[in-house]
Amino acid sequence: LMIGYATEMELDGHGRVLMPKELREFAGIERKAMLVGQGRKFELWDEQRWYERCDEFRADDDDELSAELESLSI
């Protein structure tokens, strides 16, 4: 479902991206958006929904790392 909505877009002459109405509706973006990403890919989230998801992630965090993460080192 998520990949099905992935859309390649180009920047306009001012460095902006015009997001199609269908994608704004799917993402629930009405006014303010959060740009979240890394490298050459990013996601746009409705600002309020992004902060709600962040709060959910923090609430689920029990401050314990999985065995796989504990074994990693730099």
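**Salt bridges and their surroundings**

Mentor: Let's start with Arg-16 and Asp-12, whose side chains meet in a salt bridge at 2.9 Å, N to O; the term asks for a side-chain nitrogen of Lys or Arg within 4 Å of a carboxyl oxygen of Asp or Glu. Asp-12 is partly exposed, with a relative accessible area of 33%; buried would be under 20%, exposed over 50%, and partly exposed is what lies in between, using a 1.4 Å probe and protein chains only.

Before going on, a word on what you're looking at: this is a predicted model, where local features need pLDDT of at least 70 and side-chain atom pairs count only at pLDDT 80 or more, while totals for chains, interfaces and linings use all residues. Numbering starts from 1 along each chain as its sequence is written, and side-chain values use heavy atoms, with hydrogens and water left out.

The whole structure has 3 salt bridges. Another one joins Lys-21 to Glu-25, with the closest N and O atoms 3.8 Å apart. These two sit 4 residues apart in helix H1, so about one helical turn separates them, and both are exposed. Then there's Arg-53 with Glu-56, whose side chains meet at 2.9 Å, N to O. Here the spacing is 3 residues in helix H2 (residues 47–60), again about one helical turn. Arg-53 is partly exposed at 31% relative accessible area, and Glu-56 is partly exposed too, at 40%.

Now for a charged residue without a partner: Asp-46 is buried yet has no salt bridge, and Arg-49, the nearest side chain of opposite charge, is 5.7 Å away. For that search Lys and Arg count as positive and Asp and Glu as negative, with His and the chain ends not counted. Asp-46 belongs to strand E2 (residues 41–46). Leaving aside residues up to four places away in sequence, Asp-46 touches Ala-27, Gly-28, Ile-29, Glu-30 and Lys-32, a contact being heavy atoms within 4.5 Å.

There's an aromatic pair to look at as well, and the count comes to 1. The ring centres of Trp-45 and Trp-50 are 5.4 Å apart and the planes stand at 70°, so the pair is edge-to-face; rings of Phe, Tyr and Trp (its six-membered ring) pair if their centres lie within 6.5 Å, and planes under 30 degrees apart count as stacked, over 60 as edge-to-face and the rest as tilted.

Together with Met-9 and Val-17, Leu-11 makes a nonpolar surface patch of about 250 Å². Patch residues have over 30% relative accessible area and no salt bridge; nonpolar side chains (Val, Leu, Ile, Met, Phe, Trp, Tyr) are joined within 5 Å, like charges within 9 Å.

Buried residues make up 11% of the 74 residues.

Terms used. Areas by Shrake-Rupley, 256 points an atom, 1.4 Å probe, with all protein chains shown as cover.
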